Amino acid sequence: MKAWLLDDFTGIDRLRLAEVAEPVPQKGEVLLEMHFASLNPADRYLAEAQYPAKPPLPHILGRDGMGTVIQVSAGAGEVRIGERRGILRGGVGVERPGTFAQRVAVPVQDLVEIPAGWSEQEAAGATLVYLTAYQALTMWGPLAPSAVVLVTGASGGVGVAAVQLANAMGHTVVGLSRSSEKGQRLLQLGATATFNPEDRQWRQSLRTALAPRRVDLAIDNIGGNLLPQVIETLGDCGKVSIVGRLAGPVPSFNTATLLFRRIRMGGVAVGTYTNAESRAAWQQVLQLLSRNEARPLVDSVFPFDELPKAFERLAQGPMGKVLVQVQP
Ligand SMILES: NC(=O)c1ccc[n+]([C@@H]2O[C@H](COP(=O)([O-])OP(=O)(O)OC[C@H]3O[C@@H](n4cnc5c(N)ncnc54)[C@H](OP(=O)(O)O)[C@@H]3O)[C@@H](O)[C@H]2O)c1
């Protein structure tokens with residue numbers, strides 16, 4: 001079969017499409033013929049050795065996607081050949097070969113059904129980002145429905161998921177995007193207001209728009225220079241769920257900014273969900289999305305042999321998920 005191989009930890013630029021041996025599903029696993037696979041910034045981080053996992057090389061990246069079950073091993077339970085399944089976040093593409101391949105062996109506990117009414121493309125990139133957004137929203141305990149939630153990098157995979165889920169929870173949602181076009185789209189997806197973080201006045205504009213309220217929870221995908229600005233927008237006992245750092249390390253940070261309003265910050269790590277927790281969270285996500293008949297947003301779909309172009313699109317800043325179509 002064909003697969004994209006990572007030969008060393010020097011980054012995604014040197015991924016190569018190669019002919020490799022067919023995967024053999026072990027006890028409790030199925031073989032999935034991939035239809036669509038989805039890209040995540042974490043693929044790049046793993047390829048650059050910036051991620052805790054160091055799988056044996058050559059490695060196949062790709063954490064989520066969907067396909068058809070074509071082989072079922074002993075101990076794989078009720079799954080039948082011919083059924084379509086998505087992949088719940090687990091070891092696929094991290095410690096074991098991933099979805100940028102024509103076929104993937106997947107432990108049966110990491111499979112999920114395709115939600116009713118969703119297209120294959122919508123299902124292919126949903127699990128990782130919605131579970132991440134759900135953890136970021138719920139990790140501090142119950143948030144008052146009237147709370148204000150700020151989402152940075154709101155147009156990306158995690159960002160769109162966070163906007164939709166926070167909206168379904170009844171919160172006032174503020175999104176940040178560097179693009180006014182994407183800002184408009186976020187309003188349609190459930191944001192009450194959007195601001196451009198490159199506009200020097202964005203914090204003042206946000207303050208005026210929210211007054212007298214302030215941000216209760218910020219979900220930060222960006223880090224860098226933006227994080228201290230995000231902290232400024234928080235009210236008393238405000239919280240920051242740190243999801244990512246697409247703009248790199250925070251160059252200058254004054255811990256005093258946390259003191260007077262008793263701000264709390266904490267890391268999100270979707271990989272710390274156990275399989276049972278992931279399944280429970282996924283059910284909550286589906287219930288929340290069904291409240292508004294919200295569905296995952298697909299930015300673009302590239303042919304399988306154009307995976308490098310798909311990574312370029314991801315780096316530009318998508319509006320939703322970037323996918324590759326594995327089976328034409
Ligand atoms: N902690 C966890 O468990 C976990 C799980 C999943 C993802 N993550 C991390 O969360 C982050 C977001 O992931 P994602 O899948 O949502 O990414 P994504 O789909 O690439 O989207 C991120 C969005 O952020 C904005 N952006 C990108 N680079 C930026 C920069 N340098 N400065 C300012 N804005 C920038 C872009 O929006 P605009 O162009 O509209 O501004 C882009 O659409 C990544 O760092 C990822 O590794 C963490």
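I count a residue as buried if 20 or more other C-beta atoms lie within 10 Å of its own, as exposed if 12 or fewer do, and as partly exposed in between, with C-beta atoms placed from the backbone. My model is a predicted one, so local features need pLDDT of at least 70, side-chain atom pairs count only at pLDDT 80 or more, and totals for chains, interfaces and linings use all residues. I number residues from 1 along each chain as its sequence is written.

**Entry: Gly 82**

I looked up Gly 82 first. With 8 C-beta neighbours inside 10 Å, Gly 82 is exposed. Gly 82 sits in the loop between β4 (64–72) and β5 (84–87). I take helices (H or I, at least four residues) and strands (E, at least two) as DSSP runs, numbered from the N terminus. For contacts, I require that the C-beta atoms of two residues, placed from the backbone, lie within 7 Å. Neighbours within four places in sequence aside, Gly 82 is in contact with Thr 68 and Val 69. I also noted Gly 67, 15 residues from Gly 82 along the chain, with 9.4 Å between the two C-alpha atoms.

**Entry: Val 149**

Is Val 149 buried or exposed? I find Val 149 buried, with 27 other C-beta atoms within 10 Å. Its place is strand β8 (residues 148–151). Not counting residues up to four places away in sequence, I list Ala 166, His 171, Val 173, Asp 216, Leu 217 and Ile 219 as touching Val 149. Val 240 is 91 residues from Val 149 along the chain, yet their C-alpha atoms are separated by 9.7 Å.

I fitted axes as lines to C-alpha atoms, for helices over the stretch in contact, with angles running from 0 to 180 degrees between N-to-C directions. Angles under 35 degrees count as roughly parallel, over 145 as roughly antiparallel, 65 to 115 as roughly perpendicular and the rest as oblique.

I took α3 with helix α9 (residues 275–291): the axes come within 10 Å and cross at roughly 90°. The two helices are therefore roughly perpendicular to each other. From α3, Thr 127, Tyr 130, Leu 131 and Tyr 134 meet Ser 278, Ala 281, Trp 282, Gln 284 and Val 285 of α9. I sort this contact of α3 with α9 into six nonpolar, three polar and no charged residues. My classes put Ala, Val, Leu, Ile, Met, Phe, Trp, Tyr, Cys and Pro as nonpolar, Asp, Glu, Lys and Arg as charged, and the others, Gly among them, as polar.

Next came α4 with α9. Their axes come within 8 Å and cross at roughly 75°. That makes α4 roughly perpendicular to α9. Gln 164, Leu 165 and Ala 168 of α4 meet Val 285, Leu 288, Leu 289 and Arg 291 of α9. I class this contact of α4 with α9 as five nonpolar, one polar and one charged.

**Entry: domains**

The domain assignment, automatic or from a database, gives domain 1 (2–126 + 296–325) and domain 2 (129–271). I read 29 Å between their C-alpha centres. Contacts join 11 residues of domain 1 to 14 residues of domain 2. On the domain 1 side, I note five nonpolar, four polar and two charged residues.
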